[in-house]
Amino acid sequence: MHLGDSIGSSFQSIWNHKRRSLLTLIGITIGVAAVVAMFSSVSGIKLMIMNRMESMGWDRSIAIYPSANGNANQNNRRRGRFMYIQRRPRPLSYDDYLLLKKEVEHENIYGKIDQWQQFQNGENRNWVRVSATNNDFFENKTYVLKEGRYFSSFEAKNKARVCILGYHFYQRHFANGEPINKTITIGGNRYQIIGVLDEDILNKSGRAQMNPWDRQWDLRAVYIPLSTGAQLLRQNNALDNIYIQARKDQDYDVMKTRVYQTLLASHSMAHDFAFNDVGSFIGKITEEIEKFMKTWNIVLSSIASISLIVGGIGLFSTLLISINEKMLEIGIRKSVGAKEFDIFSYFIIEALTLATLAAAFGVIIATGLVSILSVVMRMRVPIPIEGILLGFGFAIFIGLISALYPAIKASRVDPVRAIFYFE
């Protein structure tokens, strides 16, 4: 019996018993839909967490801080027998930032200076955090503009007295006016407003909150160019810290080593700086999330697979009933030369056809459910190919196992008794 004939006969049998076939399909369809939907939900949650962490600028990054507590054996190097070279610690500086920006391959790099100063607003005085940084900070933290612009390259290099207002600072002091191109006085220095940051797009209502407290404080600050802050807010162009982010995960260790070597050479081999290895910490968190999500995939898929097993039982019962209905057909096929394997394969193919149809309908239903989930979560939830393959594979496996006994039983029917079965 040819494969095409078997598949055609299977579809004909399914069509002739539409109601029974539909009831048989339901169990497997629900099981496949549940497996695919579970996989997609877990993948969507994982993707959301990873995207949020990346948007926060935590991944593949190093924070560099000055360290006044350098090891004495590192700061004082012995040369010869009696000569000592004094290594005096010095702070991170704007020159260090420029050197790292030039010498180290990176995705984003920005320096930071934070200082609280008084803001003169008419007769009122309020304390405000002045943050000196550069445009990579806004890109790294996913802070977008409400109006105006970011710092130009000329302003960033030439200590221009311009500023960008945080969204909450703008709402408090300029909500009823147009701040762009106006001048404000902070800490005795006058700055021209060139831009206003928009509200936090990562922590809007109805979405999962990611570090909202820290980001709210960021949006209450006023930002000036890093070169300006190094001149006005600190002595000797000192910086509070420098953040640098690698382009790819595999570049992170190389970047970290390069940063360490560059700063040691710049600081005359004095270990007067420290690393906050954010990238490695986030990497460990990512690994834990991966393990947790894999565990949940196994647990949820196991629960969802119960529906597939129930569907397999239904398919097993349907095939047993089908043997009795097709007894005359089996007898005629055997009498004209059909072998036991032909009858066996006929029932196996019918079961696999039913299982494949059910799996296809299950994937379609799961796609609809995932689309609804995407709307609820306000993000695109992918349908992983692993979930689809697992659904189809499990459905076909259940179909094959359910059909084995009925197919063997049908193949061993005596053709004479089969022909006269209904006599």
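Predicted model: local features only at pLDDT ≥ 70, side-chain atom pairs only at ≥ 80, totals over all residues.
Mentor: Residues are numbered from 1 along each chain as its sequence is written, and side-chain values use heavy atoms, with hydrogens and water left out.

Trainee: Which residues of strand S8 are on its covered face, and which on the uncovered one?

Mentor: In a regular strand, side chains alternate between the two faces of the sheet. Strands here are DSSP runs of E, at least two residues, numbered from the N terminus, while helices are runs of H or I, at least four residues. In S8 (residues 183-186), Ile184 and Ile186 make up the covered face, with Thr183 and Thr185 on the uncovered one.

Trainee: Which strand does S8 form a hairpin with?

Mentor: Two strands pair if DSSP finds at least two bridges between them. S8 forms a hairpin with S9, with two residues between them. Those strands are antiparallel and share four bridges, and Ile186 stands opposite Asn189. In the turn, Gly187 has a positive phi of about 60°.

Trainee: And how are the rings of Phe169 and Phe174 placed?

Mentor: You describe a pair of aromatic rings by the distance of the centres and the angle of the planes. Rings of Phe, Tyr and Trp (its six-membered ring) pair with centres within 6.5 Å; planes under 30 degrees apart are stacked, over 60 edge-to-face, the rest tilted. That rule gives 17 aromatic pairs. For Phe169 and Phe174, the centres are 6.4 Å apart and the planes at 45°, so this pair is tilted.

Technical notes. Buried < 20%, exposed > 50% of the residue type's maximum accessible area, 1.4 Å probe, protein only.
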